[in-house]
Amino acid sequence: MMSVKSFMRWFTLLSILRLKRGNPYSRAKCRSIKRLAAYNFVKREQLRARSCIVLANQKKGRKYHVSPMLQGRRLYGAWYSLIPVMREFDQEEYFKIFRMTPESFDWLLEKVRPILTKRSLREAISAGERLAVTLRYLASGDSMASLSYLFRISDQAISKIIFECTAAIWYTLKNVVFETISEDFWRRKSAEFESIWQFPMCVGAMDGKHCFVQKVPMRGSEHFNYKSGHSIVLFAVSDAKYKFIMVDVGSRGRESDGGVFERSEFGHLFRNHQLQLPPPVYNETIKTHLPYVFLGDDAFPFGVHLMKAFDESKQEVPEEIIFNYRFSRVVERVLRRNIIGSETLVQNIVLASTALHNLHLIREDSIPPKQRIYLPPGFADLYRGNGVLKKGRWRKECKDEERSIFHRLCRQEANVNIVNAYATREKFVEYFVQCPLPWQYDQLSKEA
């Protein structure tokens, strides 16, 4: 609503304009307009005064100005009582509550502190406590009311803290944990896939993940998905070590993975050949050139640089079963709980989670596999119920092998234009038959 001062300024400018045009306001009209402005100003002030009186009376009716539970924050809040003890004497429990080591927490806090530090006449919540609340929420998915009891902060304040802190985490880390794409970047990813998963020329696995949310108001069925829930889609491309290469968040649940891919920035770069994929490489085993490829499911468009599995309902050839087995050895990571919040908050939460996931993998990449804390599924050894040991991927991780594959890919380049996607898939089938895994033919007996 325009103030009296603003109104008089605009009225004066209008009067000067009309005077220049030879059609000035009369004195009577000017007097009437000024009286009307003064009358409106008085009415607004009366309404504001009455509103202040009503609110004051309502505050008098409250039992407490600040809840006694919240007043004890500096004595009983987790940031001041529980967390310092765990940090000093039990770092395993510290990792469980935040999914982060104290060293990683301190590193991240230094990055986001300038954004999270607040100035207030009252005692402001520190940047460290704000980060701790947010990391606990991301690690557990607890309700904001539950976090309110743990940290002795009102759930309204926690809601605002999570909104601001997740945005700060994404803004601070996105350029740190996501590498710039280049030809050498894709060669490194291909070397990792060939070394760990025995799939040559693969540079990334793509999929869409439905992150379930509470029904978004005023959106109807736009977020309602085929799983009978409301969701926002996370489209991601990951490498052989579960690290996100690219992410796109915000598409609504009713959209298919293929539709999300087409509208994403990655899909735009893929269609316009702007991903800087290296040229095809000559394969000595099958005596032909193979292009660099991404792996996707049936929702994505089949192409020379995007491989899909054979249709399982029509599988008759053993080689196709083997190809599907070698193809499907990529694990999907899951966001399990429903997220309650606005669309923007949900997007901030998902993006911050992907950035933190990459951060952990980057910080632990130089640590021997046995000493890592943040481990993906299947990385560590696991004893089955019958006592048989399932060997973890840490036994197969060999950086020397990755480097040798990378150097081989750099040496062998050719300007070959491959346009037939089905012929390309048949070449991979031939490679998997000629370079078998010791256990891959066990899949034939299961299918029989």
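Accessible areas come from the Shrake-Rupley method with a 1.4 Å probe, and on this basis the accessible surface of the protein chain in this predicted model comes to about 25700 Å², of which 53% belongs to carbon and sulfur atoms. The chain has 448 residues, and buried residues make up 42% of them. Its secondary structure consists of 18 helices and 9 strands. When contacts between residues at least 6 apart in sequence are considered, 65% of them join residues that are at least 24 apart.

Five of the strands are arranged in an open sheet, in which the order is 3-2-1-6-7 and the pairing is mixed. The edges of this sheet are formed by strand 3 (244-252) and strand 7 (306-307), each of which pairs on one side only. In general, the strands of a sheet pair through backbone hydrogen bonds, and they do so in either a parallel or an antiparallel manner. Strand 6 (residues 293-295) and strand 7 run parallel and are joined by 2 bridges, and Leu295 has Met307, in strand 7, as its bridge partner. A helix also lies against several of these strands: helix 11 (residues 183-197) lies across strand 1 (202-212), strand 2 (231-238), strand 3 and strand 6, and it runs at about 85° to strand 1.

Leu13 is placed in helix 1, which covers residues 4-20. The relative accessibility of Leu13 is 47%, and therefore this residue counts as partly exposed, given that the partly exposed class lies between the buried limit of under 20% and the exposed limit of over 50%.

Most residues other than glycine have a negative phi. Arg99, however, has a positive phi of about 55° although it is not a glycine, and Arg152 likewise has a positive phi, with a value near 60°. Each of these arginines is found in a loop that connects two helices: Arg99 lies between helix 6 (91-98) and helix 7 (102-116), while Arg152 lies between helix 9 (144-151) and helix 10 (155-177). Arg99 counts as partly exposed because its relative accessibility is 34%, and Arg152 is also partly exposed, since its relative accessible area is 21%.

Key
Residues are numbered from 1 along each chain as its sequence is written. This is a predicted model: local features need pLDDT of at least 70, side-chain atom pairs count only at pLDDT 80 or more; totals for chains, interfaces and linings use all residues. Side-chain values use heavy atoms; hydrogens and water are left out. Helices (H or I, at least four residues) and strands (E, at least two) are DSSP runs, numbered from the N terminus. Buried means under 20% relative accessible area, exposed over 50%, partly exposed in between (1.4 Å probe, protein chains only). Two strands pair if DSSP finds at least two bridges between them. Contact means heavy atoms within 4.5 Å. Axes are lines fitted to C-alpha atoms, for helices over the stretch in contact, and angles run from 0 to 180 degrees between N-to-C directions.
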